[in-house]
Amino acid sequence: MLDTSTPLVEMTDISISFGGIRAVDQASITLHKGEVVGLLGHNGAGKSTLIKILSGAYKRDTGDIRIDGAPATINNPRDAKGYGIETIYQQLAVADNVDAAANLFLGREMVTPLGTLDDAAMESKAREVMGRLNPNFRRFKEPVKALSGGQRQSVAIARAILFNARILIMDEPTAALGPQETAQVGDLIKQLKSEGIGIFLISHDIHDVFDLADRVVVMKNGQVVGEAKTTDVTKDEVLGMIILGKVPPGATPGPGAIRE
Amino acid sequence: MAEHALSSPVHPSSHARNALQRFLSATEVDTRLLGMIGALAIIWVGFNIFSGGLFLTPRNLWNLSVQTASVAVMVTGMVLVIVTRNIDLSVGSILGLVGMVMGVMQTSFFPVQLGLGLGHPLIWVLSLAVGLAVGTGIGALQGVIIAYLRVPAFIVTLGGYLVWRGAAWWVTAGRTVAPMDSTFQLMGGGPGGSVGAFWSWVVGILACVAIVVGLLLGRRQRQRFKFPQRPVWAEVVLGVLGCGATIGAVLIANAYPWPTRIAANFAEANGLDVPEGGLFISHGIAIPVLMAIGVGVVMTFLATRTRFGRYVYAMGGNPEAAELAGINTRWVTVKIFMLMGALCAIAAAISTARLNAATNALGTLDELYVIAAAVIGGTSLAGGVGTIAGALLGAVVMQSLQSGMVLMGLDSPLQSIVVGIVLVFAVWLDTLYRRNKY
Ligand SMILES: Nc1ncnc2c1ncn2[C@@H]1O[C@H](COP(=O)(O)OP(=O)(O)O)[C@@H](O)[C@H]1O
Ligand SMILES: [Mg+2]
C-alpha cells in the first residue's frame, strides 16, 4: 500500500569512496511519507555516510537522488534543507559557543525589519519549541557547550523539527541519552510520523529501532544486505542480517546479501 | 501558580547570595570585562604613582587615546579573524602598503596627474577610498586563498606579511612620501585634528542618550516577550556608570589645551584677544579616536546584531556544525578577511596622517601588537570566543603599558620584555578564568 505511492526519497545505486575505502557501495534506499525506515548495521557499515550524502554533507561519486520522484541536486547542506531535509547528526553538530536559540535558528535567523537579528523573537520561539520537547530545559542564555549530552541532543532535535521538515534523518539520536529521554524521543518520532514526515532512523542497535520502524534496511561493509517490513520479519532474523548478512524469506535481498 | 510564574518571571539575581554576586548578576555585566577594567585601573594608578603623577594627566590620557587609535581599529577585525580560528600576520604590512598608496594618491596622483591641484577638498576622501579599495582587495585575495584553496591562514598571511611589505617598497622605490594633504592630516589628531570642546560635548551627550535609549529599548523588548527583567536599580546603575564614564572622558579631553604657541597663532589669525596667562583652547576628542570609537560601535553591531556576526561565532565554536547548518563558511571567511583589509586601510590613514608621512616601515610589528591586544582582551586562539569591547580594552592596556614605561623612562628593550611577559600572563589568567567557568 505505502509502497505504491511516489516515494518521498529515492536513493539509487549510491557509491562513495574515501581514498581506497568504498564506504558506500551501490546502495539503494527509499522513504515514503509518514514512514519510519530503520537503517541498521554495525559500526562502520556506511550508514552515516549514506545519509550524509542525502543531507548534503558529502558528495556522492555515483548514483541518483530523487525527491518526490524528481531528480534532486544536493551539493551542500543548504541544498538539502531546501528540499525540507533536516538532519540530526551522530556527532552532535551544534555550535558550541552560542546559546540554544542561536543554534535552533542557525543559518535561518529571524530578523527585524531592519535586517538585524531578532534575538528576543528567536528566544521566545525557542522557549516554546524546547518547552514541548524538554519541559525541564531552562538554560537558554548559556552556550550549549555548558549543557549535558541530553540537553544538547534536545537542542539538535528541536532545530531539526523547527522548520517543518518533510524528511527527517536521525543518526543514532538516542546514543547520548538516558532511558527517560530515549522514551521521549520515541514519542516524538511517533508524533512526527503521524504528521506525515518521513523519517530515517539510524542505529547500530536493533532494539532502538525495531518497534518504531515500519521498515528496516540493513547495511554491511557499505552495501545493502536487504530490507524488510518489520511485520514480515523477527528481531532475530534482522540480527542475522546485521551480523551474518543472511537474508530471511520475509526480506528483499540487496547487493550485499550472501546467498547460500 | 504556574500562570503567575509565567507572567512575572523572576530574574536570576534574586537567587544571589552575597552583595557582589547580586550586583554582578543583576547588572548582567561580563565579569571578565569588569576584571579587565580593574586591571587597567591598577595599571593606570600604578604608573601614575611611579611616574610621579605624570600618567593621569589630561595631556597623557589624550595622547594615549590617539596612540591607541590605529591598533584599536585593526583589533576589532582581528577579533573576528581569531574567533574563526584564523590569524592575520599581514596587517602591519597591509597598513604599510595602503599607507604608501594613499600617500602617492594625495601627493601626486590626484593633485598632479589628475590635475586637481594640491589642497583640493576632495583629495582626502578620494585617497581614502582608493586605500579602502586596495585594503579590501588584498583581504579578499588572502581570504579566497584561505577559504577556497584551503591554505592555512597562518601561511597565507605570513606570505602576505612579506609580499605587502615588499610591495610597499615598490610603490615609491623606498622613498618616503610627505607631507600629506592638509585635510587628510586631520585623521591623525593634533590640535587641528580634534573636534574641540563644543563638539566633544555634543558627541558625549549623544552617547549618553544612546546608552539610556539602549537600556530602555532592551527593557521593552524583554517585556514584549515576558523575559525576566533586570531590577530597576541595576538599570539605573548601568546608566549612571555608562554616562559617567562618557562625561568623564569628555571632561578629560576638554581639559587638555592647545599648546600656547599654536593657540597664540590661532588667536592672531582670527583676531582674538589673548587673555592673561594665555588662551585656553581645548583639544577635545581627537578625530582618530572618534574614528576608532565609530569603528568599534559598527563592528560590535556587526558581531552581535547581524547574521554575519552570528555565523562568525558559530563557525569559531564548531566549523563543521556551522557548515552542516547550511552556513556558507567559506564566503563568511572571505568577508572577514575583506573586512580586516578595510580596517587596515583605516588604520593606515590614521597612522600616515599622524606621522604626516608614508614611510616604508610604517606598521612594522603592528601585527604583533594587534594580535596581542586581541588576546589580552579575551579573544581565544582556540576560536569561538572574543568580544570587540574586550579587544578594544586590550588595545588600551597594551598602549597604557607602553606609554607608562616611556613616561617612567624605561629603555625600549625592557619595554619589550615587559609587554611580552604581560601577554603570557594575561593569557594564563584567562585560561584559569575559563577553566573555572565551565
Ligand atoms: N570522512 C571520512 N573519511 C574517510 N573515511 C571515512 C569518512 N567517513 C566515513 N569513513 C569510513 O567509511 C566507513 C563507513 O563509516 P560510517 O558511515 O560512519 O559507518 P556507520 O555510520 O555505519 O557506523 C568506515 O570505514 C569509515 O571509516
Ligand atoms: Mg554512524
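A polar contact here is a pair of N or O atoms within 3.5 Å; within protein, one must be able to donate a hydrogen and the other to accept it, and residues adjacent in sequence count only if both atoms are side-chain atoms. By that rule, 11 residue pairs (both at pLDDT 80 or more) are in polar contact across the interface of chain B and chain A. On the chain B side, H12(B) gives the most, with seven residues; helices are DSSP runs (H or I) of at least four residues, numbered from the N terminus.

This is a predicted model: local features need pLDDT of at least 70, side-chain atom pairs need 80 or more, and totals for chains, interfaces and linings use all residues. Side-chain values use heavy atoms, without hydrogens and water, residues count from 1 along each chain as written, and chains are lettered from A and ligands numbered from 1 in written order.

The rule also finds three salt bridges between chain B and chain A, a salt bridge being a Lys or Arg side-chain nitrogen within 4 Å of an Asp or Glu carboxyl oxygen. One of them joins B:Arg305 and A:Asp119 (3.3 Å, N to O).

| Pair | Buried area | On carbon and sulfur |
|---|---|---|
| Chain B and chain A | about 2,500 Å² | 60% |
| Domain 1 and domain 2 of chain B | about 960 Å² | 79% |

Methods
Buried area = accessible area lost by both parts, 1.4 Å probe. Helix = DSSP H or I, 4+ residues; strand = E, 2+ residues; numbered from the N terminus.
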